[in-house]
Amino acid sequence: MNNNQISNSDMDIKKGALHPSILNQFRKNFEADQKNLLALNACAKTDPLEVCQQRHIIESTSHVFTHKVDSEIKPVTNQKNSGRCWLFAALNVLRIPFVKQHQIEDFEFSQSYLFFWDKIERSNFFLHTIVNVLQRGEPVDGRLMSFLLLDPVADGGQWDMVVNIIKRYGVIPKKCFPESFCCETSSRLNGILKTKMREYTKELNILIQKNSSKELINEKIIVYMEQLYRVIAICLGIPPETFTWEYYNKSKAYCVVGPITPLKFYEDYVKPYCDVENKLCLVNDPRPENPFGLTYTVDCLGNVVGGRRTLYINQKTKDMLKYAAESIKNNEAVWFGCEVGKRYALKLGIQDLRIHDYNLLFGIDINKTLSKAERLTYGDSSMNHAMVFTAVSLDANGEPTKWRIENSWGDDRGDKGYMVMTTEWFEEFGFEVVVDKQYVPKEVADLMKMEPKVLPAWDPMGTLAL
């Protein structure tokens, strides 16, 4: 071979392939650093994120706050193997003033009750949405249809979707409609629903291609919904039309409510102390194409036909947390959404940008080169979990520094189920805060009257909290 000929190995390198010589050099460089070998040995038996936790951050973290809601209710809730955090968080917000008013020690609203009706309503919403999308002329193999068919009836949700279900069906004590296997482990039910939705989509597409009448299409959807109702009812149980709730209050006195419908129970016993319709969903989307001070919605996002749209008022993080702190000071817990997994010590329940030293363990840093806006743009961030603020610490200038979080993952993590989050962490990975209108300036609340900008269905601001 003369000097001008290119070997097969050189050809591979030219094409971008990883030649064995390159990989051998990687290995030599790795093994030459004793710290790499120590890290390798440590991670063989331990979670890498626990290996790189910084002890001095753990030591300086405390669950002591300057302002805290009067009572944190037992038990700490547990969504188990389901994506129902948005429902758990909403009901955890509702139960604090409810328990205080009715002098109860331990209480939970039934999460499975809302879950049942969300599955029913969302199935119907999906089928009607699919018809609308197909009638727009969207191809079945196009981006929008592919996105919608990926997870047709997901567990997760957004605040306005909670409002839709509570407004229509009310709430019920958990003792009157307890959990089932498929509530706590929803994958079996979801697998059936996904397949049926895709089958129904095919059939609806055929009808639309034949220019079938609106009446015929609606009749088909009713047939499909009866089938789905049967599946959902078998898996989750059928909620009672009326119930009677018996309980002892803190004074050990016997009390009874009912017979009463769940909707009447919400309107008479819950709504006077926490009205879900009187709250606003504020988001932080710093992408330059989505200016602050405007209202947004997401195409095809919802759960009830004819229900409330999912609306967001885009605000700066500092303002969102200011309103949240005012709520806490007035003894009102706050529903919020974030990307829970980043810079998070799972067992300790600490969300702090400094909790992990990735550079010490891996020799590279994480979450440093992309801004919050860029993480949204490049698919590295989105709101995926909802929880509740129950306390806040304010500095000498009245600025929030850290928050106490009620989660729905049981009581074996953090401080008996409660977490602590720094304000700096929320600035990077927090996306939504839901507060009562009274804590928001009128000019901000009035933004709900404007026509929102519609974001595409796959936009990260439409990600569902699981």
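**Exercise 1. How many nonpolar, polar and charged residues does the lining of the largest pocket have by class?**

The model is predicted, so that local features need pLDDT of at least 70 and side-chain atom pairs count only at pLDDT 80 or more, while totals for chains, interfaces and linings use all residues. Residues are numbered from 1 along each chain as its sequence is written, and side-chain values use heavy atoms, with hydrogens and water left out.

Step 1. A pocket is an open set of points on a 1 Å grid over the protein atoms alone, where a 1.4 Å probe fits, with protein on both sides within 12 Å along at least five of seven lines; its lining residues have an atom within 4 Å of a point.

Step 2. The largest pocket has a volume of about 540 Å³, a volume being the space filled by probe spheres set on the points, which are joined across faces, edges and corners. Of its 24 lining residues, Phe-147, Asp-151, Ala-154, Leu-301 and Leu-464 are the closest to the centre.

Step 3. Sorted by class, the lining has 15 nonpolar, five polar and four charged residues, where Ala, Val, Leu, Ile, Met, Phe, Trp, Tyr, Cys and Pro count as nonpolar, Asp, Glu, Lys and Arg as charged, and the others, Gly among them, as polar.

**Exercise 2. Which element gives the largest share of the lining of the second largest pocket?**

Step 1. The second largest pocket holds about 350 Å³ of space, and of the 21 residues that line this pocket, the closest to its centre are Phe-125, Thr-129, Cys-300, Leu-301 and Arg-309.

Step 2. The largest share, four residues, comes from helix 7, helices (H or I, at least four residues) and strands (E, at least two) being DSSP runs numbered from the N terminus.

**Exercise 3. Is Cys-85 buried or exposed, and what does the side chain of Asn-407 make a polar contact with?**

Step 1. The "active site" annotation in the unreviewed UniProt entry covers Cys-85, His-385 and Asn-407; these residues are spread over 323 residues of sequence, yet they cluster in space, with a largest C-alpha distance of 9.6 Å.

Step 2. Cys-85 counts as buried because its relative accessibility is 0%, buried meaning under 20% relative accessible area (1.4 Å probe, protein chains only).

Step 3. The side chain of Asn-407 makes a polar contact with the side chain of His-385 at 2.9 Å; such a contact is a pair of N or O atoms within 3.5 Å, of which, within protein, one must be able to donate a hydrogen and the other to accept it, and residues adjacent in sequence count only if both atoms are side-chain atoms.

How values were computed: UniProt positions renumbered as here; feature names shortened; annotations may be inferred. Buried < 20%, exposed > 50% of the residue type's maximum accessible area, 1.4 Å probe, protein only.
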